[in-house]
Each structure stands twice: as C-alpha cells, then as structure tokens.
Amino acid sequence: MDSISLINNLSDLPTPVALIAKTGECLTSNQASKDLIHKLGLEDCSNLLPGDLLHRLLGNHPIETGVYEDVLYSNAESYRWQVIAAESDCYLVQGFNQTDREQYRAILESSVDGVYKTNRAGQLIYANQALADTFGYSNASHMIDAVQHLAWDMYTSDADRNEFLHRLDQSGEVRDMELQMRRIDGSLIWIRLNGRALKNEENLTEFIVGAVHDITAHKAAESALITAEDKYRGIFENAMTGLHQSTLDGRYMNVNPSLAHILGYNSPEECIELIQHIGKQVYVRPHEWLKSMKRLRKEGFFTHNEVEIYTRTGIKRWVTVSNHLVPATDAMPEHIEGSVVDVTDQKRSQERIQHLAHFDNLTTLPNRVSFHNELGNLVADVDEGDLSSIALIVLDLDNFKDINDTQGHITGDMLLIKTAHRLQDFFGHRAQIFRLGGDEFAITLSNIADRGVIGSQLRELIALLSEPVEFGNSEIRCTVSAGIALYPEAKDVIQEGDVQQQLFRYADLALYRSKGAGRDRYTFFAIEMQLEVLKEQEVEKELNTALLSNELCLYYQPLLKSDTKALIGAEVLIRWQHPERGLVPPFEFIPIAEKTGLISRVDDWVLLQAAQQLRTWLDKGISIPSLSVNISAHRLNQRDFAEYVHKVIGQTGIPPQTLCIEITEENMITNLENVRNTLNLLRQYGVKVALDDFGTGYSSLSYLKELPVDKLKIDRSFVMDMHQDPQDRAIIRTIIELGHGLGLWVNAEGVENEVQIRMLRELGVDEFQGFFFSRPLPLAEFAEHYLISHEPSLA
C-alpha cells in the first residue's frame, strides 16, 4: 500500500498523523493534524515536528521506525512525535499528546490543599507538597516515609478515624469532615477532610483518595466571632476566610477584604455597592441560593454548603458557604452572618482524581469501576420499575494477545482505540460503553429485551468490528466474541447476594461459550451454562490425576546478565500435558487450583521437580547458577513451607543458593508476620528470595523494610513502554537505585526489543528476562540452547 493510502486509512485517528517527504515537504496529513496546525497558527504540518527530528528526517541516513522527539508548543501543549513507518522517499510520523498527564500531575502537586492516597490499613501512599506543608514535613517523600500508620501518627482520636472509615463504607465518600490532627512537632490543627473510597471487584474499600484543607484559622475566626465580640472587627478584617453580614433578601451589609477578593472586587465597599442581589449576581444557579435561604429560615444555620459562583469578571469558582441566622436586636435587624471559603483548587483536584479513577486512559471510556457502579444503578432501576430491562453485553477481541506479541503493543493500543471509536459510532447514545481492561469491553442497553432485536444489532456490530484495520504497512483483521445476559430474565437463576456481579458472570460465561464455539460470534446466557461450575470441578479432578500421573512438566525461561548476556539462571514455569487436550497453559488450571486449595500440592511438585533437575545437571557436570520457582500466596502462608524447602534440599543434595523462591506482594497480604518468619528461615537455610512484579503494589516499599529479599523483579508493565513513557523510565530508575541502595540484585521482566535493552543497561539493571532473548522452553530445548552449547562458560 502507498503512503497516501496509508494515511487516508488513518484519517479518523484522534492523534495527528502526517507524511513528510525527505525534501521537508508535508505530502499529506489527517484531520487531527490539520486541526492542530490551525489551533497553533502554523503554515504546514512539517512545522509541527520538533526541529531535531525534522533535521534527522532530512538527513542522508535512513531513520528507523520508533525514533521520537518531544516538543512544547507556544500554547503550552506537549507532544511526542514518533516515526511509525518509513519509505524510500518519505516518513510517516504520529504525535501523542502528553499534556493531560503532565497537567494532572501539575494540578496535584500545585494544589493549595493537601491531596493524599492511602490504603485501607492506614498506610500513606501518596502526598503532595501542600499536604506535607500542612503537617510540617519538609517534603512529600519525607512524609510518606515517616507516616507509618495514620491512626497512630496523625489522628488524635481513634473515634475520628473509625467514623471516617464507617462513613466511607456507608456511602463511598466523606465530605467536609472536620477534626483535629497532629503535626510532626506534636501541635494540633483543625482540618476539613474529604475522601473517596476506591473499591475492588469485591466492592470492598481498597484505597482512599481525597483532600485536606487546613481550617485552623477558619475555626479560630468562627470561635472569635462567637466568644469575643470586642475582638470581632480585627478578626473580621484580617481573616483569610471570607466573612460577611447580609440581609435575608440578598444584599451584603458587611464583607471583609478576603470575601471581596474571592468575589473579584477591589474593596469591601465596592463589593457591597455593586452586588444588588447575592442569589442573582453571585450564584451560578440562583435556585441554590433560594434553597439555602429556605433551609436557613427552617433550621437557623447550615455549614459547608458547596456552590459554584461567578466573580465580578464572570469567572466561575467553587466555594463552601456556612451561614447562621442572627435574631433581631435593638442594634441590628434580623440578618445572616457567615463565611465563604474558596475551594476551587480542591474541587478541581478532586475532579481530576475522580476522572483518573473512573475512566480508561487509553480509550477515554469509563473503566471497570464505573461499569460496576453503573450496572448496580441499572439493576436497581429495573427492580424499582424505572426501567423495563437491561441487556448486558461483554465482548473481547479474539487472539488479541497474538497481535500484541507479533505486531507490538503500539499496534495493539491503536487497535483498542479504533475498537472503542467503532463501538461509540455504532451505538451513539443508545448504549453505555465501558473498557473493563485489556481487550475486554462491556455494553449496557436499557429497555431492550427482545433477543431478535439484540441479535440483529450484534450481528451488525460483529461484522463492523471484524473489518480490517490498516496500521503501517500491514492490515489487521481481528474478530470479536460476545456474551449477553438479560435482566430481569436472569432473575430466576440469580442467587441471593450481589446481583450485578452475578449478572456480569452470566454474560462472561456466555462470552466464553462464544469463544469455545469458534469465536467471531455472540451467545445469550442460558441456565445450562451453570454447568461451567461443574466443569471447574472436573478440572480439579483431572488435575488431581495429573499430579499422580506425571502429566505436569516444567518449562524454563533463561535469566541473563545484563552486561554480558551470560546465563545466570532460569525461571521454571509449569505446564500441563493433558492426554486428550494437549498442552494446557497455566491460566486455564492455576486459578482453579488456587480456588480449590490444590495449589499447595502443585507448588510442592514444582519445587521438588526443579531441585531434582538441578541435581541431575550437577551430576552431569553442568553447572547452572540458580533456578527460580514461583510460590503461591496460599503455600507461602502455610507454616510448614520453609521446612518443606529444607527437606527438598536435603533429599536432593543441591546447594541451597542454587534455589530462588519468587513471591509477589499478594503472597504477603494474608499474614505478614508469618511470611516474615518463613523467609527468615529460608535465608538461614541459604535459599535466595526474589520479589516479583515489583512496583505494581502500593505497599512494596514497606515490605522491603520488613522482609529478607535478595532480588527485585521490575514488573513488565513498566518495561513495556519505557522507551516511550518518561514516567515508566523514572519508576524503573527509582527501583534500580532503591534496590542497589539496599544491596539487592535487580531483574527486568518483559524485555522485548533492543531499545529497552539499551535503556535498561544505561539505568544499571543487573539481569534481563523476556521474549527478546527467549520464550519459556521445554527442558530439552533449554538444555540444547543454554546448557550444552554454553557448557564451558558455566563450568
């Protein structure tokens, strides 16, 4: 396909794409590029490119795909331009907008209010500088390291902490909770605490995000207004909080300089003169003022009423208003006294946090959290009679992993974006669309229960999504499979408990029935699909037999020293050679083994087989530094695990240091004390310990302080995009520096290309592992490629 046709096929991408001739001429560009040119007031699409990149494109030496440069435009937007295809006389380049990510970080870091993130247990995970300043810490990192448990280090009352968590559990959020907390120097301050629960798939609070506003001065001002009338004027004039006296018909009688400033006036006098009616001139929604006045007349006061206001120049800001009604006296008629606090920065920070928590970054669709919340609302609407029915559709792309593996993750990401756009174009406003993760999407249709109508729409949709998509010089065709569950039709088989979770499971069962029937199709959930549960039981039974009949086997993925690429070990991975179904991958049986408790027997089998293989190699004079064995959370938390490892070492006679136990953060959640004791015993026996998937868990740093670990394995999710994402590189650099600072060996998983290798070497990683070097291999192939041919270097 020629380049002009190529860019025409990319015309509907949301990111700018341009075809640049080696003469510097822009041959053509898509609509997104033209929109950006117009927005920036540039003459030609070649003017969009960073100067260094354009200079390289015009040079005599060919440029490889993947090369990129960053540019900051005059309007402060930041783009990364990357060469995605090259021909003899031109290059195809694509721009990626990085502004939002940086803006999100900037908003959080520059917020005047403290922003935090904690886990349920009270561990502080994130803090911005404003939070550190509020509590007297020199910087955010110092605060995160110093605060080990909020209830002990900062709360002055256990009742406050319990009340905060109780309100989170009840409604999912806490707004404007006032309490006292302790600064680093021991002094107490008043704060206004906001929080929102981020829940996991079991609808349990896993993390808490929110904002903290120091209201010590505000509290002092309120107290002074009530208890010290003789000092009222000085406090009134100098308070940081906006204060006022006003009439019940909406006119200001008195305002302080802070309130005049909040409203955009030069002086209190100017504010009083020009505002003739607070509700009509100040409130963005005047009915909210009327509502607050009714409440004031009925109850006599209200506090922290959050409203949106206009400033004098028409700019919108968010404030919290607290008012109380003052009865008439000889000196003053009945009037209102109150305070106004500008919470615009806090509000915007919360909105950004909310967006990040509920929307998918890649496709901008609502994410899994939003899906489960919305599905619960829809089920409730049906139960209450507001909706007649729901059709829940779950679909995913067939063989998407193969596309990622063969075409690369950039192509995979572009395919997901294209799929999201096609879904939105097809349904418009008729449906709600969600990305659940990976290549899985969910769609909800309201008030449609006719299977014929739904089936007709799905046939059209599947045909649309199966149309080929062209990327670079290749054409990709990816079919989709779908499963549908209808409510309240499925109500007869839904058991007591979480209705939306069961409804989703039914749609998921139907999806897998579609995949099992050949993919590229849809299936409606039927009661018979509950037989899937019986199938799991059958797998459990067969796995028991497999353990006794030697149907399981080990595959080996090499671990290579980063500077020499010399073999320094291998990770062993289990496979199941089923007598009828052939090679069964672990993701088909390991979850069932974990669910049924068989995983402990599987772990012990793998450990013994690995040790026996080490013994066999040693007896043949072949030396391999170590074999790494993954151990499940279930087995690691059993008290006899360390003794079993010691027994295996004694039976096989292998050197203990040739055995490495790999664990993940999940392994330690159940009983940290028990895990610590187990790992200390392993250390005494001479066995190595590696912490796998490091960086993905919020408590990993605390575990490093608690546990004896020899190696950190950087999670592949950071390595995957490190050549494109500076944040991933920064995280990897931090992990390597942390590991080396603690005297630990650092491994990089998921290495797939030369660019990653070069960057990882520059950052100082010790060990490589990934498909670039080798996939997991059967024993014979591993020995042939890495032991027999390299035997002299291992002796």
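Biologist: Why does Tyr 555 count as buried?
Modeller: Because its relative accessibility is 15%. Buried means under 20% relative accessible area, exposed means over 50% and partly exposed lies in between, with a 1.4 Å probe and protein chains only. At 15%, Tyr 555 is therefore buried. This is a predicted model, in which local features need pLDDT of at least 70, side-chain atom pairs count only at pLDDT 80 or more, and totals for chains, interfaces and linings use all residues. Residues are numbered from 1 along each chain as its sequence is written, and side-chain values use heavy atoms, leaving out hydrogens and water.

Biologist: What does Tyr 555 touch, not counting residues up to four places away in sequence?
Modeller: Contact means heavy atoms within 4.5 Å. On that basis Tyr 555 touches Glu 571, Val 572, Leu 573, Arg 575, Leu 583, Pro 776, Leu 777 and Pro 778. Leu 777 is 222 residues away along the chain, yet its C-alpha atom and that of Tyr 555 are separated by 5.0 Å. Tyr 555 itself is in strand S23 (residues 552–561); strands (E, at least two residues) and helices (H or I, at least four) are DSSP runs numbered from the N terminus.

Biologist: What makes S7 and S8 edge strands?
Modeller: Their sheet is open, antiparallel and ordered S7-S6-S10-S9-S8. Strand S7 (124–127) and strand S8 (173–182) each have a single partner strand, so one side of each lacks a neighbour in the sheet. The twist averages 30° from one strand to the next.

Biologist: How do you know that S9 and S10 pair?
Modeller: Two strands pair if DSSP finds at least two bridges between them. Strand S9 (residues 188–199) and strand S10 (residues 205–214) run antiparallel and are joined by nine bridges, which meets the criterion of at least two. Lys 199 stands opposite Thr 205 in S10. Helix H8 packs on this sheet, touching S6, S8, S9 and S10, and makes about 170° with S8. Such angles run from 0 to 180 degrees between N-to-C directions, with axes fitted to C-alpha atoms, for helices over the stretch in contact.

Biologist: What is the order of the strands in the mixed sheet?
Modeller: The open sheet has five strands in the order S17-S18-S16-S21-S22. Its edge strands, S17 (432–437) and S22 (522–524), each pair on one side only. Within it, S16 (residues 390–397) and S18 (residues 440–446) are antiparallel over seven bridges, and Asp 396 stands opposite Glu 440. Helix H19 (residues 451–465) lies across S16, S18, S21 and S22, at about 160° to S22.

Biologist: What makes a space in this structure a cavity?
Modeller: On a 1 Å grid over the protein atoms alone, a cavity is a set of points where a 1.4 Å probe fits but cannot get out, and lining residues have an atom within 4 Å of a point. The structure holds four cavities of 30 Å³ or more.

Biologist: How many residues of each class line the largest cavity?
Modeller: The lining has 14 nonpolar, four polar and no charged residues. Ala, Val, Leu, Ile, Met, Phe, Trp, Tyr, Cys and Pro count as nonpolar, Asp, Glu, Lys and Arg as charged, and the others, Gly among them, as polar. S14 gives the most to this lining, with three residues.

Note on methods:
1 Å grid on protein atoms, 1.4 Å probe; cavity = no way out; pocket = protein on both sides within 12 Å on 5 of 7 lines; lining within 4 Å. Points joined across faces, edges and corners; volume = space filled by probe spheres on them.
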